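Me: I would like to learn how to read helix packing and chain contacts in a model of this kind. Could you take me through it, beginning with a pair of helices?

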Amino acid sequence: MPDHTSNGMQCHEFDLLLSDALDGVLTGADLDRFQAHAQGCTACGPLFAEAEAGRSWLKGLTEVEPPASLVNNILASTTGVDTQRLRTTVRSAQPQVSWLERMQASISGFIEPVWETVRQPRFAMSFGMAFFALSVGLTVLGVKPGDVRGLLNLRPSDIRHTYYATQARVVRYVDNVRPVLQLQAAIHGVKRSLNPAEPGPTKSKSKDNKNDTTQQPDQKQERNYSQTDNHLILASAPMGPSLLCCDLSVVSVTTHRRFV
Amino acid sequence: MEDVQVVAMLVRRCIAGDAAAWEEIVQTYNRRIYNICYRFAGSGDDAEDLTQEVFIKMYRTLSSYDHTKGAFVTWVTTITRNLLVDHFRKTKQDRMTDSMDTAASEHEDAQPLSEQIPDQKPTPDAHVRSREVGETVHQALGKLSPELREAVILRDLQDMDYKEIASVLRVPEGTVKSRINRGRAELARLLQRTYRQVM
């Protein structure tokens with residue numbers, strides 16, 4: 001800055017008073033001399049205007065907001081005591097998921113692929129037609145939604161009432177059926193006493209094979225043996241002493257067939 | 001700005017190991033320090049790193065603070081300024097940074113710094129918006145020499161008085177005033193030329 005005198009003030013002095021003048025603290029004779037020098041000096045006049053403009057530019061700058069994590073980072077890097085709080089903050093920042101939401105998420109993960117398939121037009125049309133047919137059928141049969149609601153009533157008092165009503169129906173049914181059963185038993189006894197010599201169709205079988213109640217082994221043996229021509233007679237022959245004495249040979253034939 | 005006794009008590013509690021006192025100090029001064037670093041370094045990431053470094057240094061040297069020698073905010077600002085100077089030296093920004101005066105005197109043929117500021121706002125209406133203007137001023141501030149930049153930041157952005165600035169910068173008050181005036185004037189010249197080009 002050129003240092004020359006203008007209006008009783010040197011440029012060096014003007015430079016020192018420039019800040020005070022811009023701050024508004026320069027008053028009285030100093031202010032008059034300052035203004036006179038600013039008007040007369042070709043170097044200091046523009047300097048005053050530029051300094052004033054620069055000051056207004058800077059005053060227009062606003063404070064910037066520090067990052068939200070700055071304080072936590074500082075505390076963690078200095079004392080380290082805030083790392084726990086930092087972790088807590090990070091944990092709390094994550095959305096808390098309830099067990100219901102987790103269950104819904106897992107179920108939706110299972111259902112979603114199925115739902116994607118079902119949403120295809122052909123499946124949707126099929127389900128629509130099925131629902132329509134079901135609703136028409138129920139309407140024709142006279143089933144009302146109120147009836148279904150009554151069946152699905154799960155209140156404890158209603159369940160108890162249903163239990164007792166069902167029990168009463170069963171008791172009434174048994175009481176009604178008992179005379180009929182007694183009558184049938186009596187008729188059966190009379191028939192048996194009237195025809196004592198008539199052999200029953202199952203009597204001979206039960207005598208031949210007392211321990212067998214299902215008749216399955218006989219049928220099975222018959223099926224197996226009937227598949228070989230050599231023992232066709234044995235399979236169809238009535239069981240007697242001759243057959244019983246040949247049990248060993250029959251078993252050996254069967255075993256041979258299995259290994260062949 | 002601060003009650004000396006309250007701050008002194010806070011510092012004593014902090015030295016005694018009171019974590020809550022240290023947290024209160026961090027909560028009180030982090031915004032101020034971050035803004036100084038941001039305006040000086042020019043980048044948010046650098047400002048965040050520098051702010052953390054300032055607090056680390058402050059935490060280690062807190063016992064050296066003597067409230068009878070000066071305000072705590074001056075002490076904090078001095079630490080910040082020293083770290084900024086170190087950072088400036090490390091990043092070699094002084095090779096890229098120049099002032100209008102040196103550009104005119106030493107590089108007569110060189111392009112003026114005002115013309116080096118990128119013209120990012122093509123229409124005059126865009127400059128009306130305060131955010132864009134603020135960004136332009138911030139860029140122009142980064143073009144000032146570090147001595148002028150720190151002086152105007154402490155005075156016009158942090159509202160420190162000349163005595164405190166002189167204490168932080170360790171220069172006489174007259175030098176502080178001169179730097180502030182030159183810094184303001186140079187900034188205005190940079191911005192005027194930028195806007196004149198746009199207009």
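Reply: In this model, α4(B) passes α11(B) in a right-handed crossing, where a crossing is right-handed if the near helix is turned clockwise from the far one by less than a right angle, and left-handed if anticlockwise. The model is a predicted one, in which local features need pLDDT of at least 70 and side-chain atom pairs count only at pLDDT 80 or more, whereas totals for chains, interfaces and linings use all residues. Residues are numbered from 1 along each chain as its sequence is written, and chains are lettered from A and ligands numbered from 1 in the order in which they are written. Helices (H or I, at least four residues) and strands (E, at least two) are DSSP runs, numbered from the N terminus.

Me: At what angle do the axes of α4(B) and α11(B) cross?

Reply: Two packed helices are described by the angle between their axes and the distance between the axes. Axes are lines fitted to C-alpha atoms, for helices over the stretch in contact, and angles run from 0 to 180 degrees between N-to-C directions. Here α4 (residues 72-91) and α11 (residues 162-169), both of chain B, have axes that come within 9 Å and cross at roughly 45 degrees. The two helices are therefore oblique to each other, given that angles under 35 degrees count as roughly parallel, over 145 as roughly antiparallel, 65 to 115 as roughly perpendicular and the rest as oblique.

Me: Which residues make the contact of α4(B) with α11(B)?

Reply: Two residues are in contact if their C-beta atoms, placed from the backbone, lie within 7 Å. From α4(B) come B:Thr74, B:Thr77, B:Thr78 and B:Arg81, and from α11(B) come B:Glu164, B:Ser167, B:Val168 and B:Leu169. By class, this contact holds two nonpolar, four polar and two charged residues, where Ala, Val, Leu, Ile, Met, Phe, Trp, Tyr, Cys and Pro count as nonpolar, Asp, Glu, Lys and Arg as charged, and the others, Gly among them, as polar.

Me: How do α4(A) and α2(B) pack?

Reply: The axes of α4(A) and α2(B) lie 10 Å apart at an angle of about 125 degrees, which makes α4(A) oblique to α2(B). The crossing of α4(A) past α2(B) is right-handed. On the α4(A) side, A:Leu70, A:Val71, A:Ile74, A:Leu75 and A:Thr78 meet B:Trp22, B:Glu23, B:Val26, B:Gln27, B:Asn30 and B:Tyr34 of α2(B), and this contact comprises seven nonpolar, three polar and one charged residues.

Me: How many residues does each chain give to the whole contact?

Reply: Chain A contributes 29 residues and chain B contributes 34 residues. On chain A, α1 (11-23), α3 (44-59) and α4 (70-78) each supply at least two residues of the side that touches chain B, and α3(A) gives the most, with nine residues.

Me: Which residues touch the most other members of the largest nonpolar core?

Reply: A nonpolar core is a set of buried Ala, Val, Leu, Ile, Met, Phe, Trp, Tyr and Cys residues joined through C-beta atoms within 7 Å; a residue is buried if 20 or more other C-beta atoms lie within 10 Å of its own, exposed if 12 or fewer, and partly exposed in between, with C-beta atoms placed from the backbone. Of the 61 residues in the largest such core, B:Val26, B:Ile33, B:Cys37, B:Ala151, B:Ile165, B:Leu187 and B:Leu191 touch the most other members. Helix α2 (residues 19-41) of chain B provides the largest share, 11 residues.
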